[in-house]
Amino acid sequence: ESTSAQIKAEDKVTVYYGKNENALTTSGVDSAHAVLINMVGGLNAASEAKGSADCNVSIEEIIKWQPDFILLSEANSDEKGQLQKLQSDPVWQKVKAVKNKKIYASPQLVFSWFDRPPCVNQLIGIEWLAGTLYPDYYKIDIKKEVKDFYKLFYNIDLSDEQINKIVQ
């Protein structure tokens, strides 16, 4: 039985996947990107966004959904800056994930671990997301997994300092 199937209903968390500069774009629940949330046992807060296309949502909708986590991911954008903007925006403070400091930017080296382009990095992204959302269920040593992943797929021996920078 998979670990995600063992997560108790009361422990399931909702995740809003925000993209683009204002984080008010998300992917439909059937997209290759949003499916990763389900894969690790999360619930997509934007469950009304049917299909696989990107769609725009309003901050009012996000406030209504009250996600437990916000995942920011967009290749070639400034996720860390975006994360800080959300944390300091009084309107976003009405969202549980923001109040509880449960906003994460997907790691981006060599490519995004969650988003575009769909690639082998999503494999390590699944482990990162699982451990982030459910540390009590998924016993993952993400630093070891990152080291092994980069060696296997990119033939790169990462230093501890490089690993820390990637997963910060």
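Tutor: This is a predicted model. We can start with the largest nonpolar core.

Student: Which residues touch the most other members of the largest nonpolar core?

Tutor: The largest nonpolar core has 26 residues. Those that touch the most other members are Trp113, Leu129, Leu133 and Val146.

Student: Which element gives the largest share of this core?

Tutor: Elements that give two or more residues to the core include strand E1 (14-18), helix H2 (35-39) and strand E5 (69-72). Helix H6 (121-133), helix H7 (142-154) and helix H8 (160-167) are also on that list. The largest share is five residues, and the element that gives it is H6.

Student: With which residues is Val146 in contact, leaving aside its neighbours within four places in sequence?

Tutor: Val146 is among the core residues that touch the most other members. With neighbours within four places in sequence left aside, its contacts are Trp113, Ile124, Leu158, Ile163 and Val167.

Student: How many residues are in the second, separate core?

Tutor: Among the members of this second core are Val57, Ile59, Trp65 and Ala97. The core is separate, and its residue count is 20.

Student: Turning to charges, how many residues apart are Lys19 and Asp54?

Tutor: Side chains of opposite charge can pair when their charged atoms come close. The structure holds four salt bridges, and one of them joins Lys19 and Asp54 at 2.6 Å, N to O.

Student: In which helix do Lys144 and Asp148 both lie?

Tutor: The side chains of Lys144 and Asp148 form a salt bridge of 2.6 Å, N to O. Lys144 is partly exposed at 44% relative accessible area, and Asp148 is partly exposed at 37%. The two are four residues apart, about one turn of the helix, and that helix is H7.

Student: What is the N to O distance in the salt bridge of Lys151 and Asp157?

Tutor: Lys151 has a relative accessible area of 38% and is partly exposed, whereas Asp157, at 61%, counts as exposed. A salt bridge requires the nitrogen to be within 4 Å of the carboxyl oxygen. The side chains of Lys151 and Asp157 meet with an N to O distance of 3.5 Å.

Methods
Residues are numbered from 1 along each chain as its sequence is written. This is a predicted model: local features need pLDDT of at least 70, side-chain atom pairs count only at pLDDT 80 or more; totals for chains, interfaces and linings use all residues. Side-chain values use heavy atoms; hydrogens and water are left out. A nonpolar core is a set of buried Ala, Val, Leu, Ile, Met, Phe, Trp, Tyr and Cys residues joined through side-chain atoms within 4.5 Å. Buried means under 20% relative accessible area, exposed over 50%, partly exposed in between (1.4 Å probe, protein chains only). Contact means heavy atoms within 4.5 Å.
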